[in-house]
Amino acid sequence: MLFTHIGTIVQAHPGTPEKVKGQKLLEIPQLKNAWLRVIDGKIESMGSMDNLPAWEGEEVVDLQGALLMPTWVDCHTHLVFAGSREEEFQWRLQGKGYEQIAAEGGGILNSAKKLQAASEDELYELAVKRMAMLVGFGTGAFEMKSGYGLTTEAELKILRVIRRLKNNFPEIPIKATFMGAHAVPKETNKADYMRLVCEEMIPQIAAEGLADYCDVFCDRGFFTPSEAMQVLMAGKAHGMQPRIHANELGHTGGVDVAIDTKALSADHLEHLNDDEIENLRLSNVMPVFLPGTSFFLGIPYGPAWQLIERDMAFALASDFNPGSCPSGNMNLLASIACTQMKLPVEVVVNATTVNAAYALGLENEVGAIAPGFRANFKTLEPGQTLAAIPYNFGTFKPAKVFVGGKLQQEVFEKVK
Ligand code: NIG
Ligand code: FE
């Protein structure tokens, strides 16, 4: 398939791009007045319309000057969940804090109760609907976590749903993360639950090959740095690379755990001091900010500009979940990141494509328009610039979304 008359290819690269750091975050490689050829679900080649080779029998899509760019890579979601938490949202509006709600049986434990009662098929149906909606909004790769199960059976159920999504939608790369250490269920104590996570859940999940990564909620009132370390090392011993929820509620030591365990990413980081930033700079850990969560909970935004000033890279992700960010719409996230974190749209795009792909070890497959990469990209309406995405806040949708070279509508039609 040949796309012609592309006004601009955004994030056009000759091969795998490097992590985007510091001032480089303010720039995006662009190819103007271009064509792009897709073969077998992958980008084969691209070039200028001034030199358009003549291919016989090629299906041609004339983009009439529209912009084409990679689909979003959402490197942090909790997409598999059972139901909404609207009542809690109301409590929060009446002044109750996130931690207080959790202590009163709301929060993660409330989601776990709902998820335990749902069947694998029900969860799968809900997850497909959510995915179809989000791919329509322009996301073409996901990370998805367990952590709303909190029993061995329910954690396995979530990870099996994720495996079904992976198998049924091969056009969309999905990485699975085990996050049993998300909260301690009421019926048990911390020590017993830690044992269950490390000695029962992790070995079983590894035996079934259900998780790529292991994550832990290392924060005040949840898991301490030493408990987080224990969980992540147990995961590592079973082939799951670490990632971590750190510094959402305070400076709670999670950043150091990420560095010590050589985690692929440290996520949240709404609180981040100079020492923590410097330690992250010296490490290979990708910082991931979650502006949708800051917005929805009314907590601070991660200090992204301080990282830019220190020549560091970072990614942005949705954190899509029923408690702290019930939207996985990355276009809305772009609006929030631009207006609230004061980030130029180029920074937001680099952080949600190339850098987010690095956070998932997918840097050779998605996040850029490059030969050999998956044909996961979207187009805007003719005349729209990149700024149309954050500008049209709450309403932006790409004109067309392709995953594996197919229109998103075709991909989601085939599985019911
Ligand atoms: O990343 N912070 C920990 N976990 C999730 C949300 C938990 C919830 O409230 O359900 C998050 O924000
Ligand atoms: Fe999260």
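Predicted model: local features only at pLDDT ≥ 70, side-chain atom pairs only at ≥ 80, totals over all residues.
# Briefing: a helix, its cover and an iron site

The buried residues of helix H12 are covered by parts that include strand E6 (72-74), strand E7 (139-145), helix H10 (291-297), strand E14, helix H13 and helix H15 (388-391).

**Helix H12 and its partner H13**

- Helix H12 spans residues 330-340, and eight of its eleven residues are buried, so this helix is largely enclosed by the rest of the structure.
- Those buried residues of H12 are Met330, Asn331, Leu333, Ala334, Ser335, Ile336, Ala337 and Cys338.
- Helix H13 (residues 345-352) packs on H12 at an angle of about 135°, and the two axes are 9 Å apart.
- With that angle, H12 is oblique to H13.
- The handedness can be stated too: H12 passes H13 in a right-handed crossing.
- On the H12 side, the contact is made by Met330, Leu333, Ala334, Ala337 and Cys338, while H13 brings Val345, Val348 and Thr352.
- Sorted by class, this contact of H12 with H13 has seven nonpolar residues, one polar residue and no charged residues.

**The iron site**

- Four residues coordinate the iron ion (ligand 2): His76, His78 and His245, each through NE2, and Asp319 through OD, at 2.1 to 2.2 Å.
- Along the chain, the donors follow the spacing H-x1-H-x166-H-x73-D.
- His245 sits in strand E11 (residues 244-246), and Asp319 sits in the loop between strand E14 (315-316) and H12, so this pair ties together parts that are 74 residues apart in sequence.

**Helices H6 and H7**

- What describes the packing of two helices? The angle between their axes and the distance between the axes do.
- For helix H6 (residues 190-207) and helix H7 (residues 225-237), the axes come within 9 Å and cross at roughly 15°.
- H6 and H7 are therefore roughly parallel to each other.
- Here, too, the handedness is known: H6 passes H7 in a right-handed crossing.
- H6 makes the contact with Lys190, Met194, Val197, Cys198 and Ile202, and H7 makes it with Glu227, Gln230, Val231, Ala234 and Gly235.
- The residues in this contact of H6 with H7 divide into six nonpolar, two polar and two charged.

**Helix H3 and its surroundings**

- Helix H3 covers residues 107-117, and its buried residues are Gly107, Ile108, Asn110, Ser111, Ala112 and Leu115.
- Which elements do the buried residues of H3 pack against? They are helix H1 (86-93), helix H2 (98-103), helix H4 (120-136), helix H5 (152-168) and strand E9 (213-218).

- As background for a backbone check, most residues other than glycine have a negative phi.
- Leu150 has a positive phi of about 65° although it is not a glycine.
- Leu150 is found in the loop between E7 and H5, and it is buried, with a relative accessible area of 3%.
- Leu269 also has a positive phi, of about 55°, although it is not a glycine.
- The loop between strand E12 (265-268) and helix H9 (274-281) holds Leu269, which counts as buried at 0% relative accessibility.

- Gly367 lies in the loop between helix H14 (354-359) and strand E15 (377-379), and counts as buried at 3% relative accessibility.
- Gly367 and Trp72 are 295 residues apart in sequence, with 6.9 Å between them in space, C-alpha to C-alpha.
- Setting aside neighbours within four places in sequence, Gly367 is in contact with Gln11, Pro70, Val73, Thr353 and Val354.
- Thr8 belongs to strand E1 (residues 2-10) and, at 11% relative accessibility, counts as buried.
- Leaving out its neighbours within four places in sequence, Thr8 is in contact with Gln30, Leu31, Lys32, Ala66, Leu67 and Leu68.

How values were computed:
Residues numbered from 1 in each chain as written. Chains lettered and ligands numbered in written order. Heavy atoms only, no water. Axes fitted to C-alpha atoms, helices over the stretch in contact; angles between N-to-C directions. Helix = DSSP H or I, 4+ residues; strand = E, 2+ residues; numbered from the N terminus. Parallel < 35°, antiparallel > 145°, perpendicular 65-115°, else oblique. Left-handed = near helix turned anticlockwise from the far one by under 90°. Contact = heavy atoms within 4.5 Å. Nonpolar A, V, L, I, M, F, W, Y, C, P; charged D, E, K, R; others polar. Donors = N, O, S within 2.8 Å, 3.2 Å for Na, K, Ca; no water. Buried < 20%, exposed > 50% of the residue type's maximum accessible area, 1.4 Å probe, protein only.
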